[in-house]
Structure formats: C-alpha cells, structure tokens
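Open the model in your viewer and keep the selection tool at hand. The stops below say what to select next and what is there.

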Amino acid sequence: MLNIIHGADFHLDSPFSGLTPERAAQRRGEQRELLEDLARLARDRNADLVLLAGDLLDSELVYRETAQALAHSLGRIPCPVFLAPGNHDFYSPRSVYATLDWPDNVHIFTAGPGQEEGVDLLGLNCTIYGWAFHSPHLEASPMAGFRAEREPGRLKLAVLHGDVEGTGDYGPLTREDIAGSGLDYLALGHIHQCSGLQREGDTFWAYPGCPAGRGFDEQGDKGVLCLELEPGRAQARFVPLGRRRYRELTVDMTGAKDPLETILAALPPDVSGDICRLLLTGEGPAPDLPALERELSGHFYGLTLRDHTRLPQDLWKRRGEDTLTGLFLQVMWDRCQQEPQSQTAQLAARFGLAALENGEDAAL
C-alpha cells in the first residue's frame, strides 16, 4: 500500500488585487508558508509519494524568494515529489522549472501530449507518469493515445493538469480517456474545488482543489488529499491547509433598529482571520455602508459589504398619494415589477425617496 499526498493549484505569487497592497504582500507570504505546511504533512503522514498536479505558480513572473522557498520546501519532503506543470506555470526553457536547481527528490515532468514519460520506483513497486503544459493553452488531451500496461501487484499512477469533460484549451480529458488509461490512480489539477475520490473503470482519480482560496469563488476550507492506494482499492481523505478562508455571509436586516448590533449578532464566532463578504438583505432603510465598514473592519482580516436590502412593503403604499413622492414611487414600483431582481432599481427607489423626503416632504 502507498501513502500519497496529492496537491495542486497553489498559485504562488497571486496578485490578491482585492486586498490592500500590504495585505496582498502578507497573503503571498502566507502562500509560501503553505509549502512548509505541505512538507510537515508529508513527514507526519510518512508519505511515500507527493504528487503536485500543476499551477504551483500563478504566472511566469515569480519572486526570487518564492522560487527559493518552493525548492527548499520540496527538498524537505522525505520522499519523491513528482510535479506536472500546468497552464499558469507551464514548462519552457525560461521557466523556473528549467532554470532552478531542484532537490534530488523532485522530478518535473516535461513530456507533451502524445509523448510518454514514466519513472519506475523499484522500492515502491510503482511507475509514475506525467505530462506538462508547454504554453498557457493545450487543446489536445494530455493523455492522447496513452495506456499503461498493467502488471500484477505493480501500481501505475499519473499526475497532470487537465480538465475532465472540458471542451476548452486547458488539457481536456474524457472519462473514456481515464477509464482506458490502465492507471490505478490519476492525480489531477486545474479545478479548484475538491472532487473527492472518483472512479472510471478500474482507474481512481481526483482533484484536490486549491490549498488556499484567493477569492469569493473559492470559499470554505481548502487543502490537499491524503490517499492510501493499493491494487483495486483507494481511500482518500481531505486535509485542510489554508490558514484563511473566503466566506460569504448573509445578514437579514429586516426590522433592525441598530444595524451594527444586528450584523454582529449574526456573525459566526470564528471569522477574525477570514476574508468575508457580507450580503445585507431584508427590508429596511438603506444602510450606511461606509460607516458600517469602519465599525466592522476590525472583526475580519478582509471585509466587503453588499447592500441587497429593499424598501419596506408598506412604503410602497404611498405611491397612491397625490404628491411628487407618490408619483415617483409609482414609477419606481412599475420599474421594480419589471425587474424584480434588479438591485439598481431598488437602490434608485430608496435614494430617490430619501432625497424627496429631505426636500418636498420635509417642507410640508
């Protein structure tokens, strides 16, 4: 039985454009710390292999300290490490994969589609195959025409960056490609959500997801997969690595007398290290977002507020008044009925009403 750690999509040196420059730099530093977390996990789990399925780097532009941290941390892993470059960190003569001195335990696959590159590990009775992107795009299946010959008792594994059932240019793979590969396990990267252990034919496969979220499309816990693999059987366990989570939380502001207290009362207890987006919903007056953000910012690592509240239903009754306010509300009521999901229409109604009430109605 082999103990395997499967990771992918670290995207080191991501810009983190949604954060302040200081926080973005801190987040890039935390990404580099994930590499040491990976090495520590490999030691703690007595891993036999570490498989890294591409996009370890976010682009060709890599900080020197990041490249050095990557090589140093992978060298501290006490087992073989196999790395398959992806579309963001594709292999080229100028890439760090070609120019950096890598530790002896690290093997970087360079074969393109239609080629075969395999490494036999006699002590572990297994063979590892892998492919690399050579540019940001790859329209062909990386495994085109590939089939590993099964050998009794010998495990056949592969690591690559690809898109199962994809139709684009990021290494599309079909389920038939996987089922016909002759592999015992296919370690994939590219999809940032953990797929859990999947199976096509006799081949197990999985995406581990990314080890740390970088935006609100990558919410929740992120990490790697730890597997136990033997002929005909596989078990996988997701292990979180990311130290911060992106989270989107909804707060109903209906009837809120104190908006700040209402929001604080709705928060879960463990958000201080997270990057959160708060969606304010329900019925009520337009909240003062700048003031709320100033009051709440200390409760989060990063905070974004979104106003999705709407006018109370009883205010719409005033559209029957013979006043400028009544006429305005009738026009906006018709608009909101035509576009019930439009936040713009709701905001226009609220801001227009506030302006009128501070003008016409206040003077009456």
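Select strand 7 (residues 155-161) and strand 10 (residues 185-189): they pair in the parallel sense over five bridges. Strands here are DSSP runs of E with at least two residues, helices are runs of H or I with at least four, and both are numbered from the N terminus. Two strands pair if DSSP finds at least two bridges between them. Pick L160 and look across to strand 10, where its bridge partner is L188.

A word on the model before moving on. It is predicted: local features need pLDDT of at least 70, side-chain atom pairs count only at pLDDT 80 or more, and totals for chains, interfaces and linings use all residues. Residues are numbered from 1 along each chain as its sequence is written, and side-chain values use heavy atoms, with hydrogens and water left out.

Zoom in on strand 3 (residues 81-83), which pairs with strand 4 in the parallel sense over three bridges. L83 has I108 of strand 4 as its bridge partner.

Show helix 1 and helix 2 (residues 64-75). Their axes come within 9 Å and cross at roughly 5°. Axes are lines fitted to C-alpha atoms, for helices over the stretch in contact, and angles run from 0 to 180 degrees between N-to-C directions. The two helices are therefore roughly parallel to each other. Angles under 35 degrees count as roughly parallel, over 145 as roughly antiparallel, 65 to 115 as roughly perpendicular and the rest as oblique.

Which residues of helix 1 meet helix 2? Select R32, L35, E36, L38 and A39; they meet E65, T66, A69, L70, H72, S73 and L74 in helix 2. Contact means heavy atoms within 4.5 Å.

Stay on R32. It forms a salt bridge with D13, the closest N and O atoms being 3.6 Å apart. A salt bridge is a side-chain nitrogen of Lys or Arg within 4 Å of a carboxyl oxygen of Asp or Glu. D13 lies in the loop between strand 1 (2-7) and helix 1 (21-44), and R32 in helix 1, so the pair ties together parts that are 19 residues apart in sequence. The whole structure has 22 salt bridges.

Select helix 5 (residues 259-266) and helix 6 (residues 289-296). They pack at an angle of about 50°, with their axes 10 Å apart. Helix 5 and helix 6 are therefore oblique to each other. P259, L260, I263 and L264 of helix 5 make the contact with L292, E295 and L296 of helix 6.

**Last stop: G273**

Select G273, in the loop between helix 5 and strand 16 (275-281). G273 touches R244 and Y301, not counting residues up to four places away in sequence. From G273 to L356 the C-alpha to C-alpha distance is 42 Å, and the two are 83 residues apart in sequence.
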